[in-house]
Amino acid sequence: MSAPDLDTLLAMRGHVHVAHHVPGRIRLRIAPTLVKNAWRVDRNRIEQALRSIRGIGGVRVNPAAGSVVVEYLPSRVAPETWDVLLNGDTDAARASLEALLGLPQAPASDHSIHADFRRPSDKETT
């Protein structure tokens with residue numbers, strides 16, 4: 001997975017929430033704000049990025065329902081990791097994702113976020 005893929009997944013966090021979760025399977029609901037801009041997001045790229053995480057077996061995207069189902073091994077991806085990935089601060093989420101991918105962790109100052117998908121809490125105030 002490349003840095004832009006990481007940034008895309010991280011930037012989408014503010015537009016995704018957990019609809020249902022049992023260890024080994026999580027259904028994510030995609031907010032209308034992201035669905036509205038779906039032409040900017042390559043579905044195959046997102047599926048491939050999620051599948052590149054060791055411990056994730058299946059990924060099913062349902063654009064009509066606005067959901068993504070991820071099947072994973074709880075022994076590889078601890079269930080509580082999802083909370084950090086989706087709700088933790090950007091640096092904690094990035095570090096967790098990089099660790100899951102086995103990537104070297106970059107200094108926090110090297111991270112960029114795609115402006116189109118930033119959460120309001122991530123945007124700079126002027």
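The entries below go through the salt bridges one by one.

Entry 1. I am working with a predicted model, and my search of the whole structure returned 3 salt bridges. I kept in mind that side chains of opposite charge can pair when their charged atoms come close.

Entry 2. I looked up Glu-47 and Arg-51, whose side chains meet in a salt bridge at 3.5 Å from N to O. Both residues belong to helix 3, which covers residues 43-51, and they are 4 residues apart, about one turn of the helix. I then checked accessibility: Glu-47 has a relative accessibility of 11%, which falls under the 20% cut-off and therefore counts as buried, whereas Arg-51, at 40%, counts as partly exposed.

Entry 3. Next I turned to Arg-60 and Glu-71, for which I noted a salt bridge with an N to O distance of 3.1 Å. Arg-60 lies in strand 3 (residues 56-62) and Glu-71 in strand 4 (residues 67-72), so this pair ties together parts that are 11 residues apart in sequence. For accessibility I recorded 45% for Arg-60, which counts as partly exposed, and 35% for Glu-71, which also counts as partly exposed.

Entry 4. Last, I looked up Arg-94 and Glu-98, which form a salt bridge whose closest N and O atoms are 3.7 Å apart. I placed both residues in helix 5 (residues 90-101), where they are 4 residues apart, about one turn of the helix. On accessibility, I noted that Glu-98 is buried and that Arg-94 is buried as well.

Note on methods. Residues are numbered from 1 along each chain as its sequence is written. This is a predicted model: local features need pLDDT of at least 70, side-chain atom pairs count only at pLDDT 80 or more; totals for chains, interfaces and linings use all residues. Side-chain values use heavy atoms; hydrogens and water are left out. A salt bridge is a side-chain nitrogen of Lys or Arg within 4 Å of a carboxyl oxygen of Asp or Glu. Helices (H or I, at least four residues) and strands (E, at least two) are DSSP runs, numbered from the N terminus. Buried means under 20% relative accessible area, exposed over 50%, partly exposed in between (1.4 Å probe, protein chains only).
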